Amino acid sequence: MWGGRFEAETDPRVHALNASIPFDRRLVREDLEGSLAHATMLGETGIIAPEDAEAIIAGLKALLADAEAGRLSFRLEDEDIHMNLERLLLERIGPVGGKLHTARSRNDQVALDLHLFVRRQAEAVVEKIRTLQRALLHQAEAHVETILPGYTHLKRAQPVSLAHHLLAYVWMLERDVRRFRAAQTAADVSPLGAGALAGTTHPIDPHRTAALLGLAGIYPNSIDAVSDRDFALDFLYAASMLMMHLSRLGEEIVLWASDEFGFVELPDAFATGSSIMPQKKNPDVFELTRAKSGRVFGHLFALLTVLKGLPLAYNKDLQEDKEGLFDTVDTVHRVLDVLAPAVETLRFRSEAMLRAVRESYANATELADYLVRKGVPFRDAHAAAGRLVRLAADRGVPLEGLPLEDFKAVSPLIGPDVYTVLDPVEAVRRRTSPGGTGFDEVRRQLAQARQAVDGPAPGAFPAGAPVADGR
Ligand code: ARG
């Protein structure tokens with residue numbers, strides 16, 4: 001492509017380092033879409049003759065069909081997807097293909113491809129997050145009145161509704177959706193027309209190419225346009241947060257599926273066996289969910305490091321933006337694809353959860369609150385409840401296993417109604433504060449979460465606009 005200036009051939013060892021075609025071939029569709037818009041604009045503005053633009057467009061469309069059928073063959077010597085496709089276009093339509101690269105550089109071209117890729121992938125990831133949220137909602141709907149110990153410091157703390165616990169993940173994922181939407185908005189701008197960095201002398205219409213691609217606008221500054229990868233970092237950050245959330249969910253399922261907890265039975269289809277121990281049913285799916293967060297965090301940090309201290313404008317360093325991004329996309333899809341059906345088919349062991357609540361002193365706060373309602377200052381109530389927990393623990397019984405005289409010995413204000421208050425189901429029911437674990441409150445939160453997941457996207461449609469499919 002640059003033969004004019006060079007006398008010697010490129011050393012083959014350079015190709016191995018320099019070429020990006022082994023991985024950027026993945027941008028074939030985005031690159032052809034970008035070229036189609038560019039060629040259309042070149043023809044419309046008269047920068048190239050309309051019949052030349054037509055020939056180029058026909059050639060590009062044929063290449064797109066070949067790409068979709070997997071019929072394109074790329075060469076390492078052609079370095080990247082852009083030069084490979086240009087060579088294939090020239091082979092197909094002859095020298096007129098050489099006019100496509102008028103008023104364009106690979107610098108604005110590759111930036112455009114990445115914008116289109118991030119925009120598309122953010123959409124695909126959001127759809128899969130929605131599927132996982134629906135699986136969680138489905139389980140939550142079935143388990144409003146299933147209670148388990150809520151934990152702090154991984155110690156049984158207070159009884160909570162299982163639905164309430166699962167909804168916490170739905171809301172974490174809801175924030176992830178917003179972050180992916182933000183990355184999508186950041187990618188929704190066209191760098192095409194920036195050329196190598198300085199713009200072009202040709203009378204281009206970059207707004208037209210942006211519009212043809214459905215992008216919201218163009219960069220105000222061509223130097224920024226070719227060197228900006230913030231949108232890719234936004235995506236990697238959104239993906240890192242998502243994976244961090246999924247790793248927490250994964251970890252809880254691993255814990256809950258353990259023999260020690262026994263809160264959940266893994267569905268056979270999403271569990272794995274041991275090659276030596278016949279009794280084993282392992283939570284590999286959830287362990288890998290936990291572990292795969294690491295590589296995604298790494299990709300975020302790798303790209304931050306590539307960009308750190310990078311002078312303007314385009315530098316070949318920017319080619320390193322791709323592999324981590326691709327691996328992130330693949331990892332996120334692979335994990336979400338399996339997590340949604342796995343969560344959907346988990347069998348929660350309600351009896352084991354209730355037993356864990358009963359075998360704990362998770363109702364000690366109820367006792368303290370009971371005394372507060374009788375006018376005792378909370379600090380004193382806390383101390384009295386603590387003494388009763390110690391007494392019960394010494395005898396190896398739950399709080400409700402103590403006779404009334406023992407309660408009265410610690411505080412004469414305690415009456416027989418204390419036993420109702422200590423009932424863990426009652427303890428959950430009475431937590432009616434907003435966002436709390438009370439059954440009715442959780443039902444309200446469920447409806448709210450359903451609305452967030454299945455309702456119209458915030459700000460996605462102008463107020464009052466008709467929405468055909470109900471979303
Ligand atoms: N393969 C390159 C990349 O991914 C394309 C842009 C190359 N531009 C250049 N001036 N060498 O960044």
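Student: Where is A313 found?
Tutor: A313 is in the loop between α11 (284–307) and α12 (322–344). Keep in mind that this is a predicted model.

Student: Is the peptide bond from L312 to A313 cis or trans?
Tutor: The bond from L312 to A313 is cis. Its omega is near 0 degrees. For background, most peptide bonds are trans.

Student: What about phi at A103?
Tutor: A103 has a positive phi of about 60 degrees, although it is not a glycine. Most residues other than glycine have a negative phi.

Student: And where does A103 sit?
Tutor: A103 is in the loop between α5 (81–93) and α6.

Student: Okay, ligand now. Which residues are around it?
Tutor: The residues around the ligand are S20, D24, D80, H82, R106, N107, V110, Y314, Q319 and K322.

Student: How many of the shell residues are nonpolar, polar and charged?
Tutor: The shell divides into 2 nonpolar, 4 polar and 4 charged residues.

Student: Which helix gives the most to that shell?
Tutor: Helix α6, residues 106–142, gives the most. It supplies 3 residues.

Student: How far is the side chain of Q319 from a nitrogen atom of the ligand?
Tutor: An N or O atom in the Q319 side chain is 2.7 Å from a ligand nitrogen. For N107, an N or O atom of the side chain is 3.0 Å from a nitrogen atom of the ligand. D80 also has a polar side-chain atom 3.0 Å from a ligand nitrogen.

Student: How much of the ligand does the protein bury?
Tutor: The protein buries 86% of the area the ligand exposes when taken alone.

Student: Which domains does the shell draw on?
Tutor: At least three shell residues come from each of domain 1 (12–102) and domain 2 (107–145 + 161–199 + 220–355).

Student: What domains does the assignment give for the protein?
Tutor: The assignment gives domain 1 (12–102), domain 2 (107–145 + 161–199 + 220–355) and domain 3 (358–439).

Student: How far apart are domain 1 and domain 3?
Tutor: Their C-alpha centres lie 73 Å apart.

Student: Which residues does UniProt list for "domain: Fumarate lyase N-terminal"?
Tutor: The unreviewed UniProt entry lists residues 4–298. That span is 61% helix and 5% strand in the model. Its end C-alpha atoms lie 41 Å apart.

Student: And "domain: Argininosuccinate lyase C-terminal"? Which residues does that cover?
Tutor: That annotation, also from an unreviewed UniProt entry, covers residues 361–428. Over those residues the chain is 66% helix and 0% strand. The end C-alpha atoms are 14 Å apart.

Student: Switching to strands. Do β1 and β2 pair in the parallel or antiparallel sense?
Tutor: Antiparallel, over 6 bridges. Strand β1 is residues 147–152, and strand β2 is residues 155–161.

Student: Which residue is the bridge partner of P149?
Tutor: P159 in β2 is the partner of P149. T152 stands opposite K155, also in β2.

Student: How many residues are between β1 and β2 in the hairpin?
Tutor: There are 2 residues between them. H153 in the turn has a positive phi of about 55 degrees.

How values were computed
Residues numbered from 1 in each chain as written. Predicted model: local features only at pLDDT ≥ 70, side-chain atom pairs only at ≥ 80, totals over all residues. Heavy atoms only, no water. Near = heavy atom within 4 Å. Polar contact = N/O pair within 3.5 Å; in protein donor to acceptor, adjacent residues only side chain to side chain. Areas by Shrake-Rupley, 256 points an atom, 1.4 Å probe, with all protein chains shown as cover. Helix = DSSP H or I, 4+ residues; strand = E, 2+ residues; numbered from the N terminus. Nonpolar A, V, L, I, M, F, W, Y, C, P; charged D, E, K, R; others polar. Domains from an automatic or database assignment. UniProt positions renumbered as here; feature names shortened; annotations may be inferred. Pairing = 2+ DSSP bridges.
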